Amino acid sequence: MLRIAVAKGRLLAAFAEMLENAGYPCDVLEKETRKLVIDAPSAGLRFILAKPTDVPTYVEYGAADLGVVGKDTLTEAQKHVAELLDLGYGRCRMIVAVPEAAGIEQVTDLDFNSRVASKYPNIASAYFRSHGIQAEVIPLNGSIELGPIIGLSDAIVDITETGRTLIENGLLPIADIMESTSRLVANRVSLKVQRAEIGRLVSGLQEVLACES
Ligand code: PRP
């Protein structure tokens with residue numbers, strides 16, 4: 001059985017639909033349950049329901065053969081896993097945003113040692129470093145938009161999908177850092193040991209992706 005680490009929620013439904021279309025029956029994922037390990041025996045798959053940020057860890061250590069994770073989380077995690085496929089869904093942008101009232105139009109306008117709140121401290125630090133900007137990155141775990149509102153930070157680095165959270169919190173994006181979509185990743189040993197099974201799954205998903213485009 002191939003073990004796949006996935007995060008619960010809307011994006012899991014998108015992945016389950018892709019698997020179904022690729023010929024892997026996984027209606028077990030539709031059932032309301034608190035179980036964290038769910039087997040789909042007829043598909044030959046075991047799903048491990050993890051926190052999104054932990055998916056690369058399960059895969060790197062071989063507790064899961066495969067994982068589905070956003071490129072944003074994958075880049076931030078800096079884990080030693082093999083990226084196999086861009087699944088195309090879960091599209092969002094990672095941006096730098098500041099309060100509209102700050103009158104800042106570009107990152108180079110930020111003051112020396114500006115504070116930047118982010119759930120992506122590694123990406124944020126690398127971005128500012130590569131632009132020659134001295135910034136103090138403050139790691140947070142969520143609701144990043146609070147940073148500038150309550151005076152914790154001057155700016156944020158976060159993902160945006162519809163842009164609604166930024167607008168409703170008076171924030172303006174001033175720079176794009178990267179675009180993200182969901183990715184299929186693999187443990188490097190599993191890739192060799194379970195080469196045939198993983199290859200079949202990847203081919204099936206590639207066919208589904210080709211039909212979608
Ligand atoms: C993400 C992100 C933004 C929001 C953007 O938060 O961190 O806050 O979604 O979406 P939008 O552009 O469509 O408004 P998430 O819902 O993952 O929760 P979090 O703030 O706790 O990380």
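**The chain**

The model is predicted. The chain contains 8 helices and 11 strands.

| Quantity | Value |
|---|---|
| Box filled by the C-alpha atoms, along the principal axes | roughly 55 × 35 × 30 Å |
| Share of the 213 residues that count as buried | 45% |
| Accessible surface of the chain | about 11400 Å² |
| Part of that surface belonging to carbon and sulfur atoms | 49% |
| Distance between the centres of the positive and negative side chains | 8 Å |

As to charge, the chain has 21 positive and 28 negative side chains. Contacts between residues at least 6 apart in sequence join residues at least 24 apart in 70% of cases.

**Helix α1**

Helix α1 consists of 12 residues, 10-21. At 1.5 Å a residue, α1 should span 16 Å, and this agrees with the 17 Å that separates its end C-alpha atoms.

Which residues of α1 are buried? They are Leu-12, Phe-15, Ala-16, Met-18 and Leu-19. These residues lie on the same side of α1, because the arc they cover around the axis is only 160°. An α-helix has 3.6 residues a turn, so residues three or four places apart point the same way. The other side of α1 holds Arg-10 and Glu-17, which are exposed.

Just after α1, Gly-23 has a positive phi of about 95°.

**Leu-2**

Is Leu-2 buried or exposed? Its relative accessible area is 5%, which is under the 20% cut-off, so Leu-2 counts as buried.

Neighbours within four places in sequence aside, Leu-2 is in contact with Gly-44, Leu-45, Arg-46, Asp-65, Leu-66, Gln-194, Glu-197, Ile-198 and Leu-201.

Where sequence separation is concerned, Leu-2 and Ala-64 stand 62 residues apart along the chain, while their C-alpha atoms are separated by 7.9 Å.

Key. Residues numbered from 1 in each chain as written. Predicted model: local features only at pLDDT ≥ 70, side-chain atom pairs only at ≥ 80, totals over all residues. Heavy atoms only, no water. Helix = DSSP H or I, 4+ residues; strand = E, 2+ residues; numbered from the N terminus. Expected span 1.5 Å × (residues − 1). Buried < 20%, exposed > 50% of the residue type's maximum accessible area, 1.4 Å probe, protein only. Arc of directions from axis to C-beta. Contact = heavy atoms within 4.5 Å. Areas by Shrake-Rupley, 256 points an atom, 1.4 Å probe, with all protein chains shown as cover. Lys, Arg positive; Asp, Glu negative; His and termini not counted. Charge placed at Lys NZ, Arg CZ, Asp CG, Glu CD.
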